[in-house]
Amino acid sequence: MTDTLSSAQARRIALAAQGFTRARPGSVSARHVHRVMDRLGVLQIDSVNVFARSHYMPLFSRLGSYDPTLLDRVFHSRTTHYVEYMAHEATFIPVQDWPLWRFRMDDFRARWSGPDSWMSANARTLRWVRDELRDRGSLRPADLRADAPRERGTWWDWDDVKLALEHLWRTGDVAISGRKGFERSYALAEHVIPDAVLSQQIPRDQAIRELTRRAARSSGVATQSDLADYHRIRDRAAVSQSISDLVDAGELHPVAVRGWERAGRPLPAWRHHEAVLPRKVDAAALLTPFDPVVWFRDRALRAFELDYRIEIYVPAEKRRYGYYSLPVLVGDRIVARVDLKSDRASSTLQVQSAWWEPQSRPHEDAERIAAELSLAASWQGLAHISVSGWGTAAESLHSALSGRPEASVRRHVHARETVT
């Protein structure tokens with residue numbers, strides 16, 4: 001028998017699975033970071049640093065203010081529990097999960113190893129890069145640039161060496177050994193991944209089934225597309241078979257969610273057997289666009305009525321919401337989006353635009369968002385908050401912030417704020 005859930009129930013289950021029903025700790029430690037990673041499984045990395053880089057945001061969303069150097073210590077220490085791989089896009093993953101991705105590494109290798117492939121055409125570059133890493137240990141791209149063998153002739157090209165590092169990382173020959181700022185260091189995989197982990201062999205079908213299980217646990221309730229996208233698994237037949245196996249094992253239960261439809265027909269969905277349905281979700285959080293709650297745009301629209309598009313590459317005069325707007329969660333609803341910028345020179349968190357979403361309740365939501373913006377400014381070490389007049393939520397947020405004793409609120413003019 002298939003249970004039926006309302007869309008609000010499905011949202012609460014999903015948010016509970018993502019850790020949004022836990023109270024934020026008074027002081028954040030490494031233990032809390034590990035707990036969030038256990039819930040998410042992967043943490044997507046992104047270079048955009050207008051407000052804060054994306055991989056710092058999910059911890060802030062769930063734990064509140066914390067020292068960002070804690071994340072750096074946890075993820076980049078020599079005894080790290082984590083390593084980087086293409087587990088969604090570029091993400092941090094538990095180092096113990098490296099063997100789960102062997103099937104993807106093998107897929108990359110098969111795609112790039114044919115007689116007319118880039119790897120075949122650049123075999124000398126790949127061999128030189130491997131030899132340098134074997135002889136010298138962990139290296140930044142700049143270290144290879146300094147010692148590149150230009151005298152050998154025209155075979156060497158700096159762009160080819162950068163590509164070689166990325167190809168070797170994707171095929172599992174090389175691992176990311178750390179970062180300085182946002183610059184990666186690379187090393188041979190055997191110098192980064194423990195031998196006992198590196199030697200494990202997990203068959204493709206077992207790996208996809210385990211990743212589907214984890215996606216279901218992290219999602220709470222999900223469609224097949226949701227489960228496939230969580231780890232960007234393109235083999236839909238393998239995901240479908242994994243779902244069937246997990247249903248047979250009692251780990252997934254078929255459900256119908258009212259409102260989750262396509263072409264007027266209900267979308268099949270499944271609930272993880274550990275998923276809980278809380279009576280309410282009382283969270284408030286700024287979300288990165290690459291948070292698992294919203295990173296799959298179909299799911300964000302279906303579950304939260306959030307029709308999201310990143311506008312980084314949209315010409316400024318054509319942007320509807322701003323350069324890098326962040327969805328805002330209040331309770332079990334995505335109620336707004338805010339385009340934030342950390343202006344270090346003036347120690348100001350700039351709210352460059354703010355917009356209400358269809359599920360908003362402006363009168364009550366403005367205060368919750370103002371509290372999160374104040375916390376965000378403090379987290380980033382910024383003394384002031386400024387709000388432009390661009391967006392349907394701008395005036396409400398300015399008023400709410402002005403009423404907070406801890407907030408030093410200013411106004412600034414955005415070039416687009418007269419556009420509706």
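Visitor: Which side chain does the side chain of Arg-344 make a polar contact with?
Guide: Before we start, this is a predicted model, where local features need pLDDT of at least 70, side-chain atom pairs count only at pLDDT 80 or more, and totals for chains, interfaces and linings use all residues. Residues are numbered from 1 along each chain as its sequence is written, and side-chain values use heavy atoms, with hydrogens and water left out. A polar contact is a pair of N or O atoms within 3.5 Å; within protein, one must be able to donate a hydrogen and the other to accept it, and residues adjacent in sequence count only if both atoms are side-chain atoms. For Arg-344 the distance is 2.5 Å, and the partner is the side chain of Gln-380.

Visitor: Is Arg-344 buried, partly exposed or exposed?
Guide: Buried means under 20% relative accessible area, exposed over 50%, and partly exposed in between (1.4 Å probe, protein chains only). Arg-344 lies in the loop between strand E14 (333–343) and E15, where helices (H or I, at least four residues) and strands (E, at least two) are DSSP runs numbered from the N terminus. Because its relative accessibility is 48%, Arg-344 counts as partly exposed.

Visitor: What is the phi of Ser-347 near?
Guide: Ser-347 also has its place in the loop between E14 and E15. Its phi is positive, in a residue other than glycine, and is near 50°.

Visitor: Which side chain makes a polar contact with the side chain of Gln-359?
Guide: Gln-359 sits in the loop between strand E15 (348–356) and helix H15 (362–379). It counts as buried because its relative accessibility is 12%. Contact means heavy atoms within 4.5 Å, and beyond four places in sequence Gln-359 touches several residues, including Ala-303, Phe-304 and Arg-333. Its polar contact, at 3.4 Å, is with the side chain of Arg-11.

Visitor: How many of the residues of helix H1 are buried?
Guide: Helix H1 spans residues 7–17 and is mostly covered. Among its buried residues are Arg-11, Arg-12 and Ile-13. Of the eleven residues in H1, the number buried is eight.

Visitor: Where is Arg-217 found, and how far in space is it from Leu-252?
Guide: Arg-217 is found in helix H11 (residues 204–219). Although Arg-217 and Leu-252 are 35 residues apart in sequence, their C-alpha atoms are separated in space by 9.3 Å.

Visitor: Why does Arg-232 count as buried?
Guide: Arg-232 has its place in the loop between helix H12 (224–230) and helix H13 (236–248). It has a positive phi of about 50° although it is not a glycine. Arg-232 is buried because its relative accessible area is 19%.
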